[in-house]
Amino acid sequence: MTEVRRAELRDVAGMAAIVNGWIDDTEWMQRDLPSEEIENSLSKGLELREIWVAGDPVQGYLSLEVEKAHIWGFYCAETGAGIGKKLLDQAKAGRDFLSLNTPVSTQLAQEFYLREGFKPVGELDEGKPSTLVSLEGREATGIRELRMEWHS
């Protein structure tokens, strides 16, 4: 059974590998940051966000900005294994609201979020910075995103 626990510094390389693998394997996603910068950002995020990981080694992670109840990063090494659901259940625990943004073109992710009770509330402007890796001060990527919200 895959354990969900708070992320530690030792998990950062695994989390970055999942993100970098997704970027490299996603045809429409252009790399706008070097892989080591993604790892650096995730390391800094440990102090700023509530970050949960599943597995050891890391098979997935979820990064939550507690004050806004917004999920900024949510990646799994493989889909359909129940890891994402476990991470999302952890994020929902004790809360009555969550929001996230997902690229419009990620239909499978949207179907997962819908099954988990999220509802689409609108698309974000293409000129706004992408939240895929949630780095502060990033340039706009032109990726259309859909905002989704969950209410208990």
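**Exercise 1. Find the neighbours of strand 2 in this predicted model.**

*Solution.*
Step 1. Strand 1 (residues 4-6) pairs with strand 2 through three bridges, in the antiparallel sense. Within this pairing, R5 stands opposite V53 of strand 2.
Step 2. Now turn to strand 3 (residues 60-65). Five bridges join strand 3 to strand 2, and the two run antiparallel. Here the bridge partner of V53 is Y61.
Step 3. Look at the link. Strand 2 and strand 3 form a hairpin, with five residues between them. G55 lies in the turn and has a positive phi of about 90 degrees.

**Exercise 2. Decide whether strand 2 is enclosed or open, and sort its side chains by direction.**

*Solution.*
Step 1. Recall the rule: side chains in a regular strand alternate between the two faces of the sheet.
Step 2. Apply the rule. E50, W52 and A54 point one way from strand 2, while I51 and V53 point the other way.
Step 3. Check burial, which means under 20% relative accessible area. Five of the five residues of strand 2 (residues 50-54) are buried, so the strand is largely enclosed by the rest of the structure.

**Exercise 3. Describe how helix 1 and helix 2 pack.**

*Solution.*
Step 1. Take the geometry. Helix 1 (residues 12-25) and helix 2 (residues 35-48) pack at an angle of about 135 degrees, and their axes are 9 Å apart.
Step 2. Name the arrangement. The two helices are therefore oblique to each other. The crossing of helix 1 and helix 2 is right-handed.
Step 3. List the contacts. From helix 1, V12, A13, M15, A16, V19, N20 and I23 meet S35, I38, E39, L42, S43 and L46 of helix 2.
Step 4. Sort by class. This contact of helix 1 with helix 2 has nine nonpolar, three polar and one charged residues.

How values were computed
Residues numbered from 1 in each chain as written. Predicted model: local features only at pLDDT ≥ 70, side-chain atom pairs only at ≥ 80, totals over all residues. Heavy atoms only, no water. Buried < 20%, exposed > 50% of the residue type's maximum accessible area, 1.4 Å probe, protein only. Helix = DSSP H or I, 4+ residues; strand = E, 2+ residues; numbered from the N terminus. Pairing = 2+ DSSP bridges. Axes fitted to C-alpha atoms, helices over the stretch in contact; angles between N-to-C directions. Parallel < 35°, antiparallel > 145°, perpendicular 65-115°, else oblique. Left-handed = near helix turned anticlockwise from the far one by under 90°. Contact = heavy atoms within 4.5 Å. Nonpolar A, V, L, I, M, F, W, Y, C, P; charged D, E, K, R; others polar.
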